Amino acid sequence: MTAAFTTTHPSCPRSASRRLAAAAAALAALALLSPAAALAQPAGYPNKAIKLVVPYAPGGSADIAARLVTDEWGKALGGSLFIENKGGAGGNIGVDMVAKAQPDGYTIGLQTVSLAINPALTAKMPYDTLKDLAPIGMVASSQHVLVVNNAVPAKNLKELLALLKAKPGQYSYGSAGPGSTFHMSAELFKAVAGTPIVHIPYRGGGPAMIDTMSGQVAMSFPVLSAAQPHVQAGKLRALGVTGTKRSALMPDVPTIAEAGLPGYAFETWFIVFAPAGTPRPIIDKLNATLNQALNTAALKERMAKDGFDPIPSTPEQARARLEQEMPQWAKLIKERGITAE
């Protein structure tokens, strides 16, 4: 077959014969391309629905963030995204599912700041965060809030700090489970304040907040949007939000740093990622369309109502945030002897 292309036909000029030979060579080279190289041609991508893996059960902050962004992102991408919840092991099972997926841009994931926390918290990680994942971009950040039940006599953060120091180890806080953002925001608070508070882990943020309201535990650090209705109803007292600025959801509540604990700040951020080896043109398209969606007025408005602040970024900025925070969390976890058990 190849010889026929390289032979000059009597009715065909020599230049045409050379063009045919060049075309044959190009086709032969294309046939030898590796699957990864072939994937590097993003024309027509996406031509089917993209799976967005959320490594937690429905209803949590990661699930809410994913559901907020998928419609606008799909419109910008010219395709559709569907969510698959794959919970377990503090998010590691779902993230590992993405890490081991085909790097073709059709299986991606969304995770919280736990992506930076878990490597230091988990003895045997099923994946290498920096080697097995390719960050696409940041999505948003959200705050937690320090709340106490009405039986706690402290009316503000300074009074609470004085109470905790006067009665060390006599007060407890509830978390959504070991290694959860509820847990880590509280442990950071304890480290900065230099006071012990007993950790009572629950299976989810809802039960922890219920027991805070009932007085089974003195305080907790729930996601701000989940705590807001209970604060408004007078069932919980908000002493400070965990971020670096006040939240529009609770504008009258100061930040914890502002209220009397300078140096404290904690935010849950959300990042989307693909398996390592996903071709850069696909990463770039996913990133550009994600940022386009995050900059739409409609999505900004919906996010604000749920306490999220969009944070568009490049893939490099997303990776830099991971690389910066992983050693910081590793240091805190080691110093305080925190485990996922």
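Tutor: A residue counts as buried under 20% relative accessible area and as exposed over 50%, with partly exposed in between. Please keep in mind that the model is predicted.

Student: Is Glu72 buried or exposed?

Tutor: The cut-off for a buried residue is a relative accessible area under 20%. Glu72 has a relative accessible area of 12%, so this residue is buried.

Student: With which residue does Glu72 form a salt bridge, the closest N and O atoms being 3.7 Å apart?

Tutor: The partner lies in helix α14 (residues 297-305), whereas Glu72 lies in helix α4, and the two are 230 residues apart. The salt bridge of Glu72 at 3.7 Å is with Arg302.

Student: How are α4 and α13 oriented to each other?

Tutor: The axes of helix α4 (residues 61-77) and helix α13 (residues 280-294) come within 8 Å and cross at roughly 120 degrees. The crossing is right-handed. An angle of 65 to 115 degrees would count as roughly perpendicular and one over 145 as roughly antiparallel; α4 and α13 are therefore oblique.

Student: How many nonpolar residues does the contact of α4 with α13 have?

Tutor: On the α4 side, the contact is made by Val69, Glu72, Trp73, Ala76 and Leu77. Helix α13 contributes Lys285, Leu286, Thr289, Leu290, Gln292, Ala293 and Leu294. By class, 2 residues of this contact are polar, 2 are charged and the nonpolar ones number 8.

Student: Which residue forms a salt bridge with Glu187?

Tutor: Glu187 is in helix α9 (residues 181-193), and its partner, 149 residues apart, is in helix α15 (residues 315-336). The closest N and O atoms are 3.3 Å apart, and the partner is Arg336.

Student: What is the N to O distance in the salt bridge of Lys331 and Glu335?

Tutor: Lys331 and Glu335 are 4 residues apart in helix α15, so about one helical turn separates them. Lys331 counts as exposed at 53% relative accessibility, and Glu335 counts as exposed at 55%. Their side chains meet in a salt bridge with an N to O distance of 2.7 Å.

How values were computed:
Residues are numbered from 1 along each chain as its sequence is written. This is a predicted model: local features need pLDDT of at least 70, side-chain atom pairs count only at pLDDT 80 or more; totals for chains, interfaces and linings use all residues. Side-chain values use heavy atoms; hydrogens and water are left out. Axes are lines fitted to C-alpha atoms, for helices over the stretch in contact, and angles run from 0 to 180 degrees between N-to-C directions. Angles under 35 degrees count as roughly parallel, over 145 as roughly antiparallel, 65 to 115 as roughly perpendicular and the rest as oblique. A crossing is left-handed if the near helix is turned anticlockwise from the far one by less than a right angle, and right-handed if clockwise. Contact means heavy atoms within 4.5 Å. Ala, Val, Leu, Ile, Met, Phe, Trp, Tyr, Cys and Pro count as nonpolar, Asp, Glu, Lys and Arg as charged, and the others, Gly among them, as polar. A salt bridge is a side-chain nitrogen of Lys or Arg within 4 Å of a carboxyl oxygen of Asp or Glu. Buried means under 20% relative accessible area, exposed over 50%, partly exposed in between (1.4 Å probe, protein chains only).
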